[in-house]
Amino acid sequence: MARNQRTKPNILITGTPGTGKTTMSSALAKATQLRHLELGELVKQKDLHDGWDEELECYVINEDLVCDEMEDMMESGGNIVDYHGCDFFPERWFDRVVVLQTDNSILFDRLSRRGYTGAKLSNNIECEIFQVLVEEAKESYPQDIVVAMRSDSVDDIARNVVILKDWVTGWSPNPTDDGNNCS
């Protein structure tokens, strides 16, 4: 089903681990009645991975299996995908790509509380410092659908949910309509 045949938009919420993707995606799903797809959980539940990375303490996802599993859901629309990467998804799937960003000291504390140490902690902090996911999103999707949003606090998340809920309400499957843009 082409984008202009969907009745509801698809949103990708991405960002470094610890930026609040799952918290915001859950709140946005509740506010908009869109389906929240937490990709990490889907990968575990459906075995869409190639094993466990001991150093980074995470599954190595199989991008082809993930895309095959998600294709029908994404084509029908109405999804909020929550994942820390964005460059392997087909561009046609998303109407809005949100990159959450968090102050490095706040992010360090959040990841430390989760038990991140060593390479896993330093790699994620460096990813945020160098804005790797913002650049990845800008290289992978049209600039007009990519938006970076602060996610340092509960207030930031609440504000982001309101902004995105308004965007969803005004969304149109016709990309020339004014409802396709938000800042």
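**View 1. One cavity in a predicted model.** This predicted model holds 1 cavity of 30 Å³ or more; a cavity is a set of points, on a 1 Å grid over the protein atoms alone, where a 1.4 Å probe fits but cannot get out. The largest cavity has a volume of about 50 Å³, a volume being the space filled by probe spheres set on the points, which are joined across faces, edges and corners. Local features need pLDDT of at least 70 and side-chain atom pairs count only at pLDDT 80 or more, while totals for chains, interfaces and linings use all residues. Residues are numbered from 1 along each chain as its sequence is written, and side-chain values use heavy atoms, with hydrogens and water left out.

**View 2. The lining of the largest cavity.** Lining residues have an atom within 4 Å of a point; among them are Gly15, Thr16, Cys127 and Glu128. Strand E6 (96-101), helix H5 (118-129) and helix H6 (132-140) each give at least two residues to this lining. Helices (H or I, at least four residues) and strands (E, at least two) are DSSP runs, numbered from the N terminus.

**View 3. The open sheet.** Here 5 strands with parallel pairing follow the order E2-E5-E1-E6-E7; two strands pair if DSSP finds at least two bridges between them. Strand E2 (35-38) and strand E7 (146-150) stand at the edges with a single partner strand each, so one side of each has no neighbour in the sheet.

**View 4. Where E6 meets E7.** These two strands run parallel and are joined by 5 bridges. Look for valine 98, which stands opposite valine 147 in E7.

Key:
1 Å grid on protein atoms, 1.4 Å probe; cavity = no way out; pocket = protein on both sides within 12 Å on 5 of 7 lines; lining within 4 Å.
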